[in-house]
Amino acid sequence: MQIKNELRQELKTQRKNIKNKSFLDERICTNLINCDVYNKAKTVLFYAALDDEINVDKCIENALISGKMVALPACLDSVGNMKYYFINSLADLKTGFFGLREPDTEICQEVTDFKDSICIVPAIAFDKQGYRLGYGKGYYDRFLQNFSFISVGLCYNEFVKDSLPIGEYDVPVNYIITENDIFSV
């Protein structure tokens, strides 16, 4: 756990200093929007990015315009539980746990059927086997353990590592999309 925490801090610092972030974010979004698994999905489970994460707002808008169902997570507690809620626009988001933008659960409907869905997963880094280094709370690992759909990790190319330390509850993604590549793991 200590090794993961040290690596997490080191990579977060590197990511905060990434050059051409807006350009790289746009390239990653373009690669996502053009990939087959995204185009075949009827529902896309996105995330609302933190300042140093890959901003997917343009992808969310594209999915909504394209007629896809779009959902984002809302944290239920501080111990790693979350649920997804459908949104009709980015205006359906409000500030929730940890200062994250989340669906307003008063007006958004909970997702109960994940058929034909893909889940877009954020991370600080991924390894070439699809394992992620997240923020250490386990929200995505808990969520992904309970469902069998395609998961897609978004990552800057320089943060795809040969390997990362993994724990027994870590769940790998099926695809990783960077500004340069789309690859199956």
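I began with the open spaces, and found that the largest pocket is lined by 35 residues, with Y135, G136, K137, G138 and Y139 lying nearest its centre. A reminder to myself: this is a predicted model.

Next I looked up the volume of the largest pocket, which comes to about 860 Å³. Which elements supply its lining? I noted that α1 (2-16), β2 (69-75), β5 (101-103), β8 and α5 (139-145) each give at least two residues. Of these, α5 contributes the most, with five residues. Sorting the pocket lining by class, I counted 18 nonpolar, six polar and 11 charged residues.

How many cavities of 30 Å³ or more does a search of the whole structure find? I got one. The largest cavity holds about 50 Å³ of space. Around the largest cavity I listed R15, Y47, E53, I54, P122, A123, I124, L154, C155, Y156 and F159. By class, that cavity lining has nine nonpolar and two charged residues, and no polar ones.

My last stop was a sheet. I found an open sheet of three strands in the order β8-β7-β10, with mixed pairing. Why is one side of β8 (132-133) and of β10 (160-161) left without a neighbour in the sheet? Both strands stand at the edges and have a single partner strand each, so one side of each has no neighbour there. One position I marked is D127, which stands opposite K161 in β10.

Note on methods. Residues numbered from 1 in each chain as written. Predicted model: local features only at pLDDT ≥ 70, side-chain atom pairs only at ≥ 80, totals over all residues. Heavy atoms only, no water. 1 Å grid on protein atoms, 1.4 Å probe; cavity = no way out; pocket = protein on both sides within 12 Å on 5 of 7 lines; lining within 4 Å. Points joined across faces, edges and corners; volume = space filled by probe spheres on them. Nonpolar A, V, L, I, M, F, W, Y, C, P; charged D, E, K, R; others polar. Pairing = 2+ DSSP bridges. Helix = DSSP H or I, 4+ residues; strand = E, 2+ residues; numbered from the N terminus.
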